[in-house]
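Q: Hello! I would like to learn how to read a protein model, one feature at a time. Could you walk me through this one?

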Amino acid sequence: MAQTPAFNKPKVELHVHLDGSIKPETILYYGRKRGVSLPADTAEELQNIIGMDKPISLPAFLAKFDYYMPAIAGCREAIKRIAYEFVEMKAKEGVVYVEVRYSPHLLANSKVEPIPWNQAEGDLTPDEVVSLVSQGLQEGERDFKVKVRSILCCMRHEPNWSAEVAELCKKYRHQTVVGIDLAGDETIPGSSLFPGHLKAYEEAVESGIHRTVHAGEVGSAEVVKEAVDRLKTERLGHGYHTLDDEALYTRLRQNNMHFEVCPWSSYLTGAWNPATEHPVIRLKKDQANYSLNTDDPLIFKSTLDTDYHMTKQDMGFTEEEFERLNINAAKSSFLPEDEKRELLDQLYKAYGMPPSASAGQHL
């Protein structure tokens, strides 16, 4: 059932996971090709098993990846293809600039300890994974005319991987990589402050690598504080529980902190209790700096329009607010200043606004 998009103008997306954006058909193809057993034989059945329609816990959501990642991880052809198809997917959604994130280690099967997804040891290293994803993204950028950059994820439960993530950010900074992220289960006590993560983020600060952190999605405002004060994050992945601490929220708003908001995701993972007002309503009311994002569209059976539709239909978002938040997303992107200005000019033109002299200020 096709519906008119809630916002039919160019969009910017900053928070979406590559391994949560794979086509079910591609998973089936590589499952068959590589002899990896999957829980379904058709794309539709697979989508329904992997996908979610109603809220479940975050750990139950994370378990969804176990179904299909063994079909993709460790396979050079599959990894390059999912990156390429990701760009095609975003082109269809009217996205003109996207930052896609992933853990290189979770797609590798060599020089990674432990080897993920019960794979047999192979010869695909995290380093080569980044090279393959970058190639797929660049070919997609060329063919589908969407500007794409990538963010490499450290994983909270594997602090020993983080030093290499920081090194790969440096090595591939001119081949799509623009930032570092900390993802995974933020309820692991003290995981923001594991020495491996702290060192990686110190290295990122020293090397001029942009930083974002998943914090305050299901974790407390304290996790947000650690991300800001200790990891020196420039953006917050989700960040909803910042609002539990008024002083912290006020400080971050004054400092123009960008919140990467994923409304439909927050409903399905239980990060937001639907009996309460969604945090994005407060962000909108305060004219804070935030964006709308899909997070893991494969699992949430969504497109970017799902999030726009939800906020328009249920929260009274207007065309003007959609324009404002996309301009703020562009301003908070991890692009170099000259490319940021080009992106902003593209948006101003599409939105019928006069170009702004300064890329730095948020609206």
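A: Gladly, and let us start with a pair of helices. Helix α9 (residues 221-229) and α10 pack with their axes 10 Å apart, at an angle of about 35°. Keep in mind that this is a predicted model.

Q: What is the handedness of the crossing of α9 and α10?
A: Two packed helices are described by the angle between their axes and the distance between the axes. Here, the crossing of α9 and α10 is left-handed. On the α9 side, A221, V224, K225, V228 and D229 make the contact, and α10 brings L248, R251 and L252 to it.

Q: Now to the sheet. In which order do the strands come?
A: Strands of a sheet pair through backbone hydrogen bonds, either parallel or antiparallel. In this model 8 strands form an open sheet, ordered β1-β2-β3-β4-β5-β6-β7-β8, and the pairing is parallel. At the edges are β1 (11-17) and β8, each of which pairs on one side only. From one strand to the next, the twist averages 25°.

Q: Let us look at one strand up close. Which way do the residues of strand β7 point?
A: In β7 (residues 258-261), H258 and E260 point one way, while F259 and V261 point the other way. All of these residues are buried.

Q: Which strands pair with β7?
A: One is strand β6 (residues 235-238), which runs parallel to β7 and is joined to it by 3 bridges. R235 stands opposite H258 of β7. To get from β6 to β7, the chain passes through helix α10 (residues 246-254), and this β-α-β crossover is right-handed. The other is strand β8 (residues 290-292), which pairs with β7 in the parallel sense, also over 3 bridges. There, E260 stands opposite S291 and V261 stands opposite L292.

Q: Which residues of α8 are buried, and what covers them?
A: The buried ones are H197, L198, A200, Y201, A204 and S207. Their cover includes the strands β3 (147-155), β4 (177-183) and β5 (210-215), as well as helix α7 (162-171). As for α7, this helix lies across β3 and β4 and runs at about 160° to β3.

Q: Where does T269 lie, and is it buried or exposed?
A: T269 lies in the loop between α11 (263-268) and α12 (279-285). To decide, compare the relative accessible area with the cut-off: buried means under 20%. T269 has a relative accessible area of 3%, so T269 is buried. Leaving aside residues up to four places away in sequence, T269 touches M52, I56, S57, L58, F61, E217 and F300.

Q: And T26: where is its place, and what does it touch?
A: T26 has its place in helix α1 (residues 24-34). Its relative accessibility is 0%, so T26 counts as buried. Not counting residues up to four places away in sequence, T26 touches I72, R81, I82 and E85. Take R81 as one of them: T26 and R81 are 55 residues apart along the chain, and their C-alpha atoms are separated by 8.5 Å.

Key: Residues are numbered from 1 along each chain as its sequence is written. This is a predicted model: local features need pLDDT of at least 70, side-chain atom pairs count only at pLDDT 80 or more; totals for chains, interfaces and linings use all residues. Side-chain values use heavy atoms; hydrogens and water are left out. Buried means under 20% relative accessible area, exposed over 50%, partly exposed in between (1.4 Å probe, protein chains only). Helices (H or I, at least four residues) and strands (E, at least two) are DSSP runs, numbered from the N terminus. Contact means heavy atoms within 4.5 Å. Two strands pair if DSSP finds at least two bridges between them. A crossover is right-handed if, with the strands pointing away from the viewer, the path from the first strand over the helix to the second runs clockwise. Axes are lines fitted to C-alpha atoms, for helices over the stretch in contact, and angles run from 0 to 180 degrees between N-to-C directions. A crossing is left-handed if the near helix is turned anticlockwise from the far one by less than a right angle, and right-handed if clockwise.
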